[in-house]
Amino acid sequence: MEASNDISVNDIIEECKSFFFAGKQTTSNLLTWTAVLLAMHPQWQVQAREEVLRVCGLRDIPNKDDFVKLKTLSMILNESLRLYPPTVATIRRTKVDAELGGYMIPHGTELLIPILAVHHDKAIWGNDANEFNPARFSGGVARAAKHPIGFIPFGLGVRTCIGQNLAILQAKLALSIILQRFSFKLAPTYQHAPTVLMLLYPQYGAPIIFQPLSQI
Ligand code: HEM
């Protein structure tokens, strides 16, 4: 029997499941790590809050014109995605025999692209590769690393993440609203233990204490 090119109901259900998984945990993961990093580095939290208040005021939810002005927040999100990329690796399979960096890769070989390792490579990021320094992104993503594709939290090429703009938009929106209203710090029970369970998670959770700015 000839295979049908029609999209079945089952195909659509499977696509929806992919989008729910690919979209939800990754973005909430990004928000978690960014909150942890801002709690660990209060000077960046203050800078991010000052920017949000300057651009959006005390209560207004950022609109589409505001988003491009939130440069510090963009730098912070990029640095968070660099240090703690929710997706730690991606995979490619060669369709033909290929040569890559002087190596012959036979057709059908699976290659693991270690996003987490690339993001912590001192040859690409310098000696402070393991430190939180959003300022490295101040000249834009292209200038942050010594290699043009040193920053790949959303993968690369034709199969790059389809939801990356949505993820950044959601993260900026959520963080702006939080920064406008709360100051936050790590709870004494926080233990820093990034671990991979499909995605990169804080193994013992991320207990954070939020204090309304109105009470400070
Ligand atoms: C911080 C949030 C996110 C991160 C870190 C992330 C990361 C990634 C990565 C690394 C890939 C593999 C790309 C490659 O192999 O080159 C991917 C693929 C994908 N992502 Fe995301 N993603 C995020 C958010 C989202 C959102 C919000 C959606 C949808 C609403 C989404 C949907 C997808 C889909 C459908 C693919 C498969 C694309 C394809 O194979 O053509 N992702 N993502």
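Reader: Let's start with Thr-27: which helix is it in?

Author: Thr-27 has its place in helix H1. Helices here are DSSP runs of H or I with at least four residues, strands are E runs with at least two, and both are numbered from the N terminus. Before you go on, this is a predicted model, where local features need pLDDT of at least 70, side-chain atom pairs count only at pLDDT 80 or more, and totals for chains, interfaces and linings use all residues. Residues are numbered from 1 along each chain as its sequence is written, and side-chain values use heavy atoms, with hydrogens and water left out.

Reader: Does Thr-27 count as buried or exposed?

Author: Buried means under 20% relative accessible area, exposed over 50%, and partly exposed in between, using a 1.4 Å probe and protein chains only. Thr-27 counts as buried because its relative accessibility is 9%. Over the protein, buried residues make up 34% of the 216 residues.

Reader: Which backbone oxygen lies 2.7 Å from a polar atom of the Thr-27 side chain?

Author: That's the backbone oxygen of Gly-23. The idea behind a polar contact is a pair of N or O atoms within 3.5 Å; within protein, one must be able to donate a hydrogen and the other to accept it, and residues adjacent in sequence count only if both atoms are side-chain atoms. Gly-23 also pairs up in space with Leu-166: they are 143 residues apart in sequence, yet 8.9 Å apart C-alpha to C-alpha. Leu-166 is found in helix H8, and it counts as exposed because its relative accessible area is 52%.

Reader: On to the ligand: how many residues surround it, and which are the closest?

Author: A residue is in if one of its heavy atoms lies within 4 Å of the molecule. Here 22 residues surround the ligand, and the closest are Thr-90, Arg-92, Leu-156, Arg-159 and Cys-161.

Reader: Which elements supply at least two residues of the shell?

Author: They are helix H1 (9–40), strand E1 (90–93) and helix H8 (164–181). H1 gives the most, with six residues. By type, the shell divides into twelve nonpolar, eight polar and two charged residues; Ala, Val, Leu, Ile, Met, Phe, Trp, Tyr, Cys and Pro count as nonpolar, Asp, Glu, Lys and Arg as charged, and the others, Gly among them, as polar.

Reader: How much space lies in the largest pocket?

Author: Rolling a probe the size of a water molecule over the atoms shows where empty space is left. On a 1 Å grid over the protein atoms alone, a pocket is an open set of points where a 1.4 Å probe fits, with protein on both sides within 12 Å along at least five of seven lines; lining residues have an atom within 4 Å of a point. The largest pocket holds about 1,100 Å³, a volume being the space filled by probe spheres set on the points, which are joined across faces, edges and corners. Of its 34 lining residues, the closest to the centre are Ala-22, Thr-26, Thr-87, Cys-161 and Ile-162. H1 gives the largest share of the lining, ten residues.

Reader: What takes the space of the largest pocket?

Author: The ligand does. To sit there, a molecule needs more than half of its atoms within 2 Å of the grid points.
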